[in-house]
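My entries follow in the order in which I checked things.

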Amino acid sequence: MAGAAVLGRLNWRIARVIALRDETATARTITFEVAGWPGHVAGQRVDLRVTAADGYSAVREYSIASAPHEDTRIELSIERLPNGEVSPYLTQDLAIGDVVELRGPIGGWFVWRAEQAEPVQLVAGGSGIVPLMAMIRSRIAKRSAAPFRLLYSIRSPDAVWYRDELRELSTKGIGVTFVYTRTSPPDQPRPPGRIDTELVAEASWPPSSTPTCYVCGPTSFVERAAGMLIALGHSPDRVRTERFGPTGDPRGR
Amino acid sequence: MAESRGFVGRNRAANAKLPPGQYLTTDFPVLSAGPTPHVPPDEWELTIDDGTTVLRRWDWNAFRELPSETITVDIHCVTRWSKLGTAWEGVSLDTLLTGITGNASFALARSYGGYTTNLPLRDLQNKQAWIAFRYDGAELPPEHGGPARLLVPHLYLWKSAKWIRGITLRNHDEPGFWERYGYHNYGDPWREQRYSGD
């Protein structure tokens, strides 16, 4: 259980919106300035609290998208859920200068630390890319030489988050394979469809290189992808997972 | 609390069955730290030990011959969803622990796949905890902890270890998997004990 640490009390901190960027038609990245932010490790999450004028408040958990910084800025990327209570507000109404409250960081298992030198296999389904993006950004920021590969499954080309940044990763020695489940771009030879074992084998480090695998996405995607990695020969204790939603639809967020 | 300009929210209707900070779901989300272990019943066993000696051991058939009961309870996940009136079938820990608790005050639940979680022994006693093997009238699916999981519904659901394979009785407390990563050592949803220090 290397890296385990018992945290002190997590206090709510004021977080002010300093930048907004649309990722897709339904997802937005929000940069917050968080007074007194204690820092985080790539892969960790925060609790986010929004409070209405009458004192009613709601809390949701989100993965941090930004690499650990020396300063007090953090980025969250949030998908708007049609029936959500909080995500429509965050992705549509929140403006620069507005405040929410954050506490964290939370979670110490689904993390990548710059001291890790072994190969890393990232497998993302949809918005599951967020904590994996923090790991990629952390690797680049820390000038780590750890071999990274990313397999990213999305519905269609317009559903890709961090598009420009991901496109440039090949120049930084990080291999990215996109899998389109419903609509492929014209230059994609593979017809749209879910990941299969052959594709996972092709797009990931071989088990003989004993990578640490991080799989994040909707439950059904994670079950499938983690099962394939194990079928290919990866040891279950080298496959870390983070799931959301019962069937890929985290309703209520 | 700081007001977030323009946030209205819509779940104000208080539900006395919901602990603070929880919202209702009718789905059954899955949260686990690793791949789902698939343990065939003929390889499954459940043991209770005291750290050095195995005190009780059941294979699947012996376990299923124990008296079981149906349980209808509300469950609360630390990630903020709650599900009301869930129906399970399982063997009471009172049955499994009869005559073997000795001087122990704490328990560490151990799972296939390596997961652990710690609880005071008294929270496993007095009709508060079960090893559940059926959910909603069907065999417990692997992603929800099948073939059998611990069910301790009065604590956050991470204490209800999926894929349970054993319980170690101790006279000292020792944090389990999530408890070492900053989650609360006890995890009472009604006192909103999510993280260490809450």
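Entry 1, the sheet in chain B. The model is predicted, and I began with an open sheet of five strands in chain B, which I read off in the order β3-β2-β11-β6-β7. Its pairing is mixed. I then asked which strands stand at the edges. They are β3 (54-59) and β7 (116-120) of chain B; each has a single partner strand, so one side of each is left without a neighbour in the sheet.

I looked up how strand β6 of chain B, residues 106-111, is joined to β7(B). I found five bridges, and the two strands run antiparallel. As a reference point for viewing this pair I took B:A107, which stands opposite B:L119 in β7(B). As background, I recorded that strands of a sheet pair through backbone hydrogen bonds, either parallel or antiparallel.

How many residues of each chain are in contact? I have 37 residues of chain B in contact with 44 residues of chain A. I sorted the chain B side of this contact by class and got 14 nonpolar, 15 polar and eight charged residues.

I listed five helices and 11 strands for chain A. Its radius of gyration is 18 Å, close to the 18 Å that the globule rule gives for 253 residues, so chain A is as compact as a globular protein of that length. I also took the spans of its C-alpha trace along the principal axes, which are about 55 × 40 × 35 Å. Of the 253 residues of chain A, 44% count as buried. I then turned to contacts in chain A between residues at least 6 apart in sequence; 73% of these join residues at least 24 apart.

The domain assignment gives domain 1 as 13-106 and domain 2 as 120-244. I put the C-alpha centres of these two domains of chain A 24 Å apart. Where they meet, 13 residues of domain 1 of chain A are in contact with 13 residues of domain 2 of chain A. Which strands supply at least two residues each to the domain 1 side? I found β1 (13-24) and β5 (73-79) of chain A. By class, I counted six nonpolar, five polar and two charged residues on that side of domain 1 of chain A.

Methods: Residues are numbered from 1 along each chain as its sequence is written. Chains are lettered from A and ligands numbered from 1 in the order in which they are written. This is a predicted model: local features need pLDDT of at least 70, side-chain atom pairs count only at pLDDT 80 or more; totals for chains, interfaces and linings use all residues. Two strands pair if DSSP finds at least two bridges between them. Helices (H or I, at least four residues) and strands (E, at least two) are DSSP runs, numbered from the N terminus. Two residues are in contact if their C-beta atoms, placed from the backbone, lie within 7 Å. Ala, Val, Leu, Ile, Met, Phe, Trp, Tyr, Cys and Pro count as nonpolar, Asp, Glu, Lys and Arg as charged, and the others, Gly among them, as polar. Domain bounds come from an automatic or database domain assignment. The radius of gyration is taken over C-alpha atoms; the globule rule is 2.2 Å times the number of residues to the power 0.38. A residue is buried if 20 or more other C-beta atoms lie within 10 Å of its own, exposed if 12 or fewer, and partly exposed in between; C-beta atoms are placed from the backbone.
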